[in-house]
Every structure is written in structure tokens, then in C-alpha cells.
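Subject: Structure for your review

Dear colleague,

Please find the structure below, followed by an account of what was found in it.

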There are 2 protein chains.
Amino acid sequence: MKEQSRREFVKKGVGVGIGLGLSVNAPKELFVHHVYFYLKNPDSMADHAKLLEGLNKLAKVPTIKLVHIGTPAPTNRSVIERSYSFSWLCFFNNLIEEEIYQTHPIHLKFIEEYSALWEKVIVYDSVGPKR
Amino acid sequence: MKEQSRREFVKKGVGVGIGLGLSVNAPKELFVHHVYFYLKNPDSMADHAKLLEGLNKLAKVPTIKLVHIGTPAPTNRSVIERSYSFSWLCFFNNLIEEEIYQTHPIHLKFIEEYSALWEKVIVYDSVGPKR
């Protein structure tokens, strides 16, 4: 595919399938799971490192199609929420594969081993793309 | 790349570069911009359609590497926030390219034409991957 075509493809929201093992003809159900973790001790580098260790283990759940672990960017406008410690973004093929992730032993073990570190999580699950 | 290798690649958070025009060796700065739109009239199908029209125009900003437009999934646990109308997820190569997006004429026109539709937006900007 030529670069221009690929770009347009990506822009239409279909391109999320490229390289992610999804069918480019059937991305309707793409499931975006985005979790923001708020540590009990946000200033503790040890707690940061510990949760990051846990997230890297969690990334091994087999139904995850794409994972991105981030921290707040330096952007700081009034509409930007930036008091979380970690952003955990996952793509799944569909709701069923996200449900498999939720109850997967790796996920259950992650919660058991690391949940004492966080004060709260906020989760946004969205499906699409919408066109 | 064999499927197994590609999977592992994706799992390590490096795979976000695949197919997105990013160098797989330099994804350190990947910038994830996630906006949740709350409509003034969340039950208005017309307002939904209008904002979706605007988001599809906004998707043409050239520095956007991946865009996903979603709506709340049917999942409904207590930690899940699902009262927004649209999820707008974009990947950028870095902060500078996100700043170009913020001030791009297409973005400014989007705000001018469509901001009357929403009551609020919540924005999460994160950078990574962290490993």
C-alpha cells in the first residue's frame, strides 16, 4: 500500500487493524480499554517501579492486541487530567476478548499482587470506530 | 515477521510503531491523546451525529498517526466511567506533533463549529511507553 493510501486508511480509523492482527475489514468491534491508575503514594519512586513491574507482567495476557503504558505528558491545560500515575491502554478485538482478559489468571494475579499500591482506578471502555 | 514474534513485539509496547509510520526503534516519545466528550444533550441523536461529523473532519489533521472514535462499551463495573458520549483517541509521534494538532486550522475550525455541542471534555495526555 502506498504511503498516501495508508495514511488515509489510518485516518479513517480502519488503520488500527494494521499490524495488530485485526482484520482490516472488520474493525467494527475494536474494544479500547483505558485505565488510569492513581497511586496511594504518588511520590514514591519505589511504588511507581513496583506498579510498572506489575503492568509489564499484565501485558502478557494473550488477548491484548496492543498495549501502551504511559505517564502524564507535560501538557497542562485546564481540561487535562494529569494527577494519575500510570495510563494503561489496551486494544482488544472485541468485548469477549476483553472479558477473557478480565478473568485471566495473569490479570487476577496482578490485582492480588499490586492492588494495594493504588488508591483508585478510573476505567474507560469504548467501542468503535464510529464513522 | 512471524506471528509469534510480532505478538511479543506488540506486547512489549514497541508494536505501536508497526503500521503507524513510527520507527520501531524510537517509540519513546509516543504521545497518546485521549479526549472524552460529554454532550449538552446526550440523548439527542442529532447532536451525536453532528459531533461525529466534526470528529471525522478533525481526523484529517496531518500529524495524527492513529485515530479511534468510540462510544461507551456495554461494560459497567463500578470503576468504569461511561457517561461520556464520544471517546476520541489519537496517537502522535511526540509532543511537538500534538502541539501542531492543537493549533492546526482544522482543529481550530472544529472547536469553532462544534464546541457548542459539548458540556465538557476531559483530556488525558500520556507519554511512553514505560518499560
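In this predicted model, helix α2 (residues 45–58) of chain B packs against helix α4 (residues 105–114) of chain B at an angle of about 170°, and their axes are 9 Å apart. Axes here are lines fitted to C-alpha atoms, for helices over the stretch in contact, and angles run from 0 to 180 degrees between N-to-C directions. Helices (H or I, at least four residues) and strands (E, at least two) are DSSP runs, numbered from the N terminus. α2(B) and α4(B) are therefore roughly antiparallel to each other, a term used for angles over 145 degrees.

On the α2(B) side, B:Lys50, B:Leu51, B:Gly54, B:Lys57 and B:Leu58 meet B:Ile106, B:His107, B:Phe110, B:Glu113 and B:Tyr114 of α4(B); residues are in contact if their C-beta atoms, placed from the backbone, lie within 7 Å. This contact of α2(B) with α4(B) comprises 5 nonpolar, 2 polar and 3 charged residues (Ala, Val, Leu, Ile, Met, Phe, Trp, Tyr, Cys and Pro count as nonpolar, Asp, Glu, Lys and Arg as charged, and the others, Gly among them, as polar).

In chain A, helix α2 (residues 45–58) and helix α4 (residues 105–114) likewise pack at about 170°, with axes 9 Å apart.

Chain A has 4 helices and 4 strands, in the order α-β-α-β-β-α-α-β from the N terminus. Of its 131 residues, 37% are buried, that is, 20 or more other C-beta atoms lie within 10 Å of their own. The UniProt record, in an unreviewed entry, lists residues 31–126 of chain A as "domain: Stress-response A/B barrel"; such annotations may be inferred rather than shown by experiment. This span is 34% helix and 33% strand, and its end C-alpha atoms lie 6 Å apart.

As to confidence, the model scores ipTM 0.81 and pTM 0.82. Chain A averages a pLDDT of 83 (the predictor's confidence in each residue, from 0 to 100). Within chain A, confidence is lowest in helix α1 (residues 3–11), at a mean of 40, and highest in α4(A), at 98. Residues 1–26 of chain A have a pLDDT below 50. Where pLDDT is low, the predicted coordinates should not be read in detail.

Residues are numbered from 1 along each chain as its sequence is written, and chains are lettered from A and ligands numbered from 1 in the order in which they are written. Local features need pLDDT of at least 70 and side-chain atom pairs count only at pLDDT 80 or more, whereas totals for chains, interfaces and linings use all residues.

Key:
Two residues are in contact if their C-beta atoms, placed from the backbone, lie within 7 Å. A residue is buried if 20 or more other C-beta atoms lie within 10 Å of its own, exposed if 12 or fewer, and partly exposed in between; C-beta atoms are placed from the backbone. Angles under 35 degrees count as roughly parallel, over 145 as roughly antiparallel, 65 to 115 as roughly perpendicular and the rest as oblique.
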